Amino acid sequence: MLSPLAPDLWELNAPLSIVGMAIGHRLTVARLADGSLWLHSPVAHSAALAEALIPLGRVAHIVAPNAIHDTYLEGWFAAYPQARFHGARGFARYRPDLKFTDTLGDTPDPAWAPTFDQHGLRGIPRLNEVAFLHRASRTLILTDLIFNLGPDMPFLSRLLLKLNDCDCKFGVSRLFKTTIKDRAALRRSVDQLLAWDFDAIVVSHGANVPSGGKALLRDALTFL
């Protein structure tokens, strides 16, 4: 069920359709220095997934990396009341029913500071997406900043994705671009990401990039 990406780093890519677009949804799991688990952008909770996580470690931190990635969170709140839930800025406004224990910013929580760098993307106040760098594997973990959907999509999905300017390419969707309120601020954030030492990229929607990710990201964001 969970596929390894690197030592102490796993993924699960699950189906997800939004307004007719089959874009998928990726959960990323990291084991932290204390042996506990960090879950990024969880997919739907299930007994099978909970069972698969047990041998990896204790679920301690569940991360909602931007303020619109809330589809499946209720199930995780119910299943792991002892965990800490870290939400992007803005969740309190849009989902007051979700009682996060922590708000994500630029400073990594002490529990994962030995494992990750993080940066809150500026200029997109509706999302307030936070990017993460898994230092040991040189892997950048993104959410909605980049889609990487390929030609294997169903016909209707490809048509809708083409309208959204994210069909068969590593790039920024038209929908994401509508959330940009300050291009200069977002450009500065992108420069911060590009200053990090990464090669691989994990995306929430589409195929991951196992190598050469920095050049792809730089090219995809030249419009800023």
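Which residues of helix α6 are buried?

Analyst: The buried residues of α6 are Ala-185, Leu-186, Ser-189, Val-190, Leu-193 and Leu-194. Buried means under 20% relative accessible area, exposed means over 50%, and partly exposed lies in between (1.4 Å probe, protein chains only). This is a predicted model, in which local features need pLDDT of at least 70 and side-chain atom pairs count only at pLDDT 80 or more, while totals for chains, interfaces and linings use all residues. Residues are numbered from 1 along each chain as its sequence is written, and side-chain values use heavy atoms, with hydrogens and water left out.

An α-helix has 3.6 residues a turn, so residues three or four places apart point the same way. The buried residues of α6 pack against β10, β11, α5 (174–178) and α7 (213–220); contact here means heavy atoms within 4.5 Å. Helices (H or I, at least four residues) and strands (E, at least two) are DSSP runs, numbered from the N terminus.

The helix can also be checked for length. The expected span of a helix is 1.5 Å times one less than its number of residues. For the 13 residues of α6 (residues 183–195) this gives 18 Å, and the end C-alpha atoms are 18 Å apart, which agrees. At the N-terminal end, Asp-182 caps α6: one of its side-chain oxygens lies 3.2 Å from the backbone nitrogen of Ala-184. A polar contact is a pair of N or O atoms within 3.5 Å; within protein, one must be able to donate a hydrogen and the other to accept it, and residues adjacent in sequence count only if both atoms are side-chain atoms.

Asn-128 is buried, with a relative accessible area of 10%, and has a positive phi of about 50° although it is not a glycine.

Elsewhere in the chain there is an open sheet of 7 strands in the order β1-β2-β5-β6-β7-β8-β9, with mixed pairing. Its edge strands are β1 and β9 (102–103), each of which pairs on one side only. Two strands pair if DSSP finds at least two bridges between them. Strands of a sheet pair through backbone hydrogen bonds, either parallel or antiparallel.

Within this sheet, β5 is mostly covered, with 6 of its 7 residues buried. Strand β5 runs antiparallel to β2, joined by 6 bridges, and Leu-9 stands opposite Ala-30 in β5. Strand β5 (residues 25–31) is also antiparallel to β6 (residues 37–40), through 4 bridges. These two strands form a hairpin with 5 residues between them, and Gly-35 in the turn has a positive phi of about 90°.

Of its 224 residues, 53% are buried.
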